[in-house]
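Q: Hi! I'm new to this one and would like a friendly walk through it. Can we look at it together?

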Amino acid sequence: MGVPEIRVLGSADEVAAAAADLLVEAGRAGGHVALAGGSTPKKAYRLAAEQLEDWSAAPLWLGDERLVAPDDERYNYRMIREQGLEPERVLTEEGLQGAAGDYEARLRAALGHDPRLDLAIMGLGPDGHAASLFPGKPALQEERHLVAAVPEAGMEPQVPRLTMTFPVFNATRLVVFLVAGADKAQAMARAFGPAPDSSAPSALV
Ligand code: 6PG
């Protein structure tokens, strides 16, 4: 496992601007990018969409998705589209297993058998989760599949999820966790402190 580089910025706005720069760079270079859901990256997505108009060269994927109705506020695809980016949608209407299989097949069709994304934007959960890789859940053990079904989330929103797996994130050229707010301090120390706690999934990315 590589030692993570930790950059401390002055505000959440600076975090968003730095992440937007990385996204725009990947977008211009035609990179494959995995996007996190949740609230922290919203502003970065909006800034990136404002800075680059044409994303057609850069396929955007969802690092995880919640199986909710398309108009549900918790739907990551909806949140990201509202910021102006258009990721590859998970076919949530296919059910958990069907949607996972379909997303995996599309990833392999686009990137070959051992896909290597160029950039993954990730968030850190207060329990140390990353994407929908929650502590103690079976998806953590997935070594073969690129996308795993998560019938029970480890925390709110408690809805079934799909998540990209460790093999995908750990093959990605650059993984960037966006972390803001005092409520993340403890998870930050557990996952990325001097003695990473391997029960925090983020520590394993
Ligand atoms: C999801 C996420 C999840 C998120 C973290 C941090 O869809 O739930 O991808 O892993 O990144 O929970 O979320 P916040 O940025 O909202 O704190």
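What follows is a chat about this structure.

Q: Before we start, what kind of model is this?
A: This is a predicted model, where local features need pLDDT of at least 70, side-chain atom pairs count only at pLDDT 80 or more, and totals for chains, interfaces and linings use all residues. Residues are numbered from 1 along each chain as its sequence is written, and side-chain values use heavy atoms, with hydrogens and water left out.

Q: Thanks! Which residues of helix 2 are buried?
A: Ala44, Tyr45, Ala48 and Ala49 are the buried ones in helix 2, which spans residues 42-51. Buried means under 20% relative accessible area, exposed is over 50%, and partly exposed is in between, using a 1.4 Å probe and protein chains only. Helices (H or I, at least four residues) and strands (E, at least two) are DSSP runs, numbered from the N terminus.

Q: Why are they on the same side of helix 2?
A: Because they cover an arc of only 130 degrees around the axis. The arc is that of the directions from the helix axis to the C-beta atoms. As a general point, an α-helix has 3.6 residues a turn, so residues three or four places apart point the same way.

Q: And what do those buried residues pack against?
A: They pack against helix 1 (12-29), strand 1 (33-35), helix 3 (76-82), strand 4 (119-123) and strand 7 (174-178).

Q: What is Tyr45 in contact with?
A: Leaving aside neighbours within four places in sequence, Tyr45 is in contact with Leu23, Leu35, Ala36, Met79, Ile80, Gln83, Leu85 and Ile121. Contact means heavy atoms within 4.5 Å.

Q: Which residues in the largest nonpolar core touch the most other members?
A: Leu23, Leu35, Tyr45, Trp55 and Met164 do, out of 67 residues in that core. Helix 1 supplies the largest share of this core, 7 residues. A nonpolar core is a set of buried Ala, Val, Leu, Ile, Met, Phe, Trp, Tyr and Cys residues joined through side-chain atoms within 4.5 Å.

Q: What about helix 6, which residues are buried there?
A: In helix 6 (residues 185-192), the buried residues are Ala187, Ala191 and Phe192. They fall within an arc of 95 degrees seen down the axis, so they line one face of the helix. The buried residues of helix 6 pack against strand 7.

Q: Switching topic: how many aromatic pairs are there?
A: The structure holds 3. One of them is Trp61 with Tyr103, whose ring centres are 5.6 Å apart with planes at 80 degrees, so the pair is edge-to-face. Rings of Phe, Tyr and Trp (its six-membered ring) pair if their centres lie within 6.5 Å; planes under 30 degrees apart count as stacked, over 60 as edge-to-face and the rest as tilted.

Q: Where do Trp61 and Tyr103 lie?
A: Trp61 is in strand 2 (residues 60-62) and Tyr103 in helix 4 (residues 95-111), so the pair ties together parts that are 42 residues apart in sequence. Both Trp61 and Tyr103 are buried.

Q: Glu104 is in helix 4 too. Is Glu104 buried or exposed?
A: Glu104 counts as buried, at 8% relative accessibility. The side chains of Glu104 and His145 make a polar contact of 3.3 Å. A polar contact is a pair of N or O atoms within 3.5 Å; within protein, one must be able to donate a hydrogen and the other to accept it, and residues adjacent in sequence count only if both atoms are side-chain atoms. The Glu104 side chain also reaches the backbone nitrogen of Val147 at 3.1 Å.

Q: What is phi of Ala131 near?
A: It is near 50 degrees, a positive value in a residue other than glycine. Ala131 sits in the loop between strand 4 and strand 5, and counts as buried at 13% relative accessibility.

Q: Last one: which peptide bond is cis?
A: The bond from Glu156 to Pro157 is cis, with omega near -15 degrees. Pro157 lies in the loop between strand 5 (147-150) and strand 6 (161-164).
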